[in-house]
Each structure stands twice: as structure tokens, then as C-alpha cells.
Amino acid sequence: MTMQRTFSIIKPDATRRNLTGAINSKIEASGLRIIAQKRIHMSDREAREFYAVHADRPFYNDLVSFMTSGPVVVQVLEGQNAIAAYREVMGSTNPSDAADGTIRKEFAEGIEANSVHGSDSIENAAIEIAYFFTNEEIVG
Ligand code: CMP
């Protein structure tokens, strides 16, 4: 077991439906701690850069439009094995494959409007956290 930090986004479909608190209560119930948090409206440039790894995928432009369609809440989560632990709380990318009790099973509208994002590796967690937060904004 190692203490880790991971990056989380509560996406526009969830903020629109007033689900920030419901999602964060699932995150906190899992033992993860929210150690940085802000509500922002992502710019087109931020969404394109953040999802640059998907630039060649057919869903890229739709994904950027969706992520800039309303407010999001960006967060840093900390806990034992936080990257895998948060991915378990989120459930599969496609909510129809997500396990019972996961955020995406309960709240996601579809594969794009899937309510939350979480980092997939230690390397990406560090990059994604640094993209949205300074060290001073992270209070563990
Ligand atoms: P996320 O974890 O934020 O990473 C990339 C996002 O692309 C993913 O969640 C989905 O919201 C979105 N997406 C849209 N269509 C697809 C698709 N066909 N396969 C994977 N991800 C998709």
C-alpha cells in the first residue's frame, strides 16, 4: 500500500444535475480525502490540451465541446493507492459496464457524459494535477 494523489473532475453533466455533493460523498466514503478543489469553466484550449492524448480519436471534438459546456469541479484526491481506489469508485468508462454502487453506474448518462474523470497512472496523475493546481493550492 502506498500513499498516492490522483486527479478528479466532476463533469458538466453532473454539475448541471446538482450532483457534486452526492459524488463527493461516495469519494469520501471510500476513504479518499479531497485535498484540493475548485469549480471552473474549462476553456476550449484547456480541454483540448488536457485531452490531447485523445486528439486522434473520433470522439475528441465532441468531448471538448462537452467538457466546456458547463462548470466542472477539479479536485486532488489523496489516499492509499488513490489512483486505483478512485478508479474503482468511479466504475467503468461506459456506465453500462460499470459495477453496482459506482459513481458512473448510479449517475452517468452515457460514455461521454460519464460524470467523472480520474487519472489512469501515477505519471498522468502528476501531470494532470500540475495542469490545474499549484503546490500552494493543495492542502493535505
Ligand atoms: P475520461 O476518463 O474523462 O477520459 C476520456 C473521455 O472520453 C472519457 O472519460 C469519456 O467521457 C469520453 N469518451 C467519449 N466517447 C468515448 C469512447 N467511445 N471511448 C472512450 N471514451 C470516450
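The model is predicted, so local features need pLDDT of at least 70 and side-chain atom pairs count only at pLDDT 80 or more, whereas totals for chains, interfaces and linings use all residues. Residues are numbered from 1 along each chain as its sequence is written, and side-chain values use heavy atoms, with hydrogens and water left out.

T6 lies in strand β1. Helices (H or I, at least four residues) and strands (E, at least two) are DSSP runs, numbered from the N terminus. T6 counts as buried because its relative accessibility is 0%. Buried means under 20% relative accessible area, exposed over 50%, and partly exposed in between (1.4 Å probe, protein chains only). Beyond four places in sequence, T6 touches residues including Q75, L77, Y86 and I129. Contact here means heavy atoms within 4.5 Å.

The largest nonpolar core has 22 residues. A nonpolar core is a set of buried Ala, Val, Leu, Ile, Met, Phe, Trp, Tyr and Cys residues joined through side-chain atoms within 4.5 Å. F7, I9, M42, M67, V74, F132 and F133 have the most contacts inside this core. At least two of its residues come from each of β1 (3-10), β2 (33-40), α3 (44-50), α4 (60-67), β3 (72-80) and α7 (122-132). The largest share, 5 residues, is supplied by α4. Another core, of 15 residues, lies apart from it; among its members are I10, A82, V89 and V116.

The ligand is surrounded by K11, Y51, H54, F59, L63, T93, R104, I111, E112, N114 and H117, each with a heavy atom within 4 Å of it.

On its own the ligand has 450 Å² of accessible area, and the protein covers 79% of that. Accessible areas come from the Shrake-Rupley method with a 1.4 Å probe; for residues, only the protein chains shown count as cover.

Two asparagines remain. N18 has a positive phi, near 65°, and sits in the loop between α1 (12-16) and α2 (20-29). N81 also has a positive phi, near 45°, in the loop between β3 and α5 (82-90).
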